[in-house]
Amino acid sequence: NIIIYGAGYVGLTLGIFFAKNKSNVIFIENDKNKLKKLKNGICPIYEKNVELEFKKNLSKFIFLDKFRFNQRDQNYIFITFTYFPNKFKDYSNNIKEMLISKRNFIMIRSTLPVGFFDKLFSIKFFKKMENNIVYCPERTLSGDALNELKKLPQVIGGNKVSIKKANLFFRKYKIKTIPIDNFSISEFIKIYTNFARMTVFNLSNFAGLFSNILKYDEIKLYNYLKRSYSRLNFISPFGPGVGGFCLPKDTKI
């Protein structure tokens, strides 16, 4: 079984990707309104490709508010619900609940603070289950999530045993991985990547702000910075915001 806890943008697009690749997916969602929509075939994501693939693959989805584990089943469980700062106990209790069966394999995709796994594995129960947990932080690009899941390698933080299990799973879907045998490094890579992306967007928008104040032609300015002056070829197009919801949130974590 592929089980995804949390049918938000990250979880739902991940499940659609697996369904496109001929797998059945069980979604667990505790938002009753969202669950009702999903069961009625209504996609809560307003993105053309996502909505289309959701409807095409509806027969491969099961939507539940909770899941009872069969001890004999092999379950691959993705945790995609949000980690809230200072809610370590709540989050770790959710993971513990999913490890009732030793055949369950947990892949955590939520953005976590650096040091989360050090704290988790200081608890005896979780230390014994370390072979059954990996950290594969979400890498989802709004507007192109389904393509990015196919093209972008997955960061896999774990020990040698858990990394091997995760690699075998992702290999079935022809997804490349970046194995990291250190949970803390994988935590840092996730947060630093989003911090760096937010910084680039802020730099770009800073130039856009000045083009507005000084009444420059915004397109010309961008073309000069991006294409003519090679030292700034990393600059993004100017626009509102700093990368949607995730980047400012992740930087605070």
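Predicted model: local features only at pLDDT ≥ 70, side-chain atom pairs only at ≥ 80, totals over all residues.
1. Let's begin with the aromatic rings. A search of the whole structure turns up 31 aromatic pairs. A pair of this kind is described by the distance of the ring centres and the angle of the planes, and the next points take two pairs in turn.

2. One of the pairs joins F18 and F169. Their ring centres are 5.5 Å apart and their planes stand at 80 degrees; planes over 60 degrees apart count as edge-to-face, so this pair is edge-to-face. F18 belongs to helix 1 (residues 9–20) and F169 to helix 8 (residues 160–171), so the pair ties together parts of the chain that are 151 residues apart in sequence.

3. F18 has 0% relative accessibility, so F18 counts as buried. F169 is buried as well, with a relative accessible area of 2%.

4. Now for F27 and F63, which form a stacked pair: the centres are 5.4 Å apart, with 15 degrees between the planes. This pair also links distant parts of the chain, since F27 sits in strand 2 (residues 25–28) and F63 in strand 3 (residues 61–64), 36 residues apart. F27 counts as buried because its relative accessibility is 0%, and F63 counts as buried at 8%.

5. K96 lies over the face of F125, with 5.2 Å to the ring centre.

6. Finally, how do helix 1 and helix 3 cross? Two packed helices are described by the angle between their axes and the distance between the axes. The axes of helix 1 and helix 3 (residues 48–56) come within 10 Å and cross at roughly 55 degrees, which makes helix 1 oblique to helix 3. Their crossing is left-handed.

7. Which residues make that contact? From helix 1 they are L12, T13, I16 and K20, and from helix 3 they are V50, E53 and F54.

Key: Residues numbered from 1 in each chain as written. Heavy atoms only, no water. Phe/Tyr/Trp six-rings, centres within 6.5 Å; stacked < 30°, edge-to-face > 60°. Helix = DSSP H or I, 4+ residues; strand = E, 2+ residues; numbered from the N terminus. Buried < 20%, exposed > 50% of the residue type's maximum accessible area, 1.4 Å probe, protein only. Lys NZ or Arg CZ within 6 Å of the ring centre and 35° of its normal. Axes fitted to C-alpha atoms, helices over the stretch in contact; angles between N-to-C directions. Parallel < 35°, antiparallel > 145°, perpendicular 65-115°, else oblique. Left-handed = near helix turned anticlockwise from the far one by under 90°. Contact = heavy atoms within 4.5 Å.
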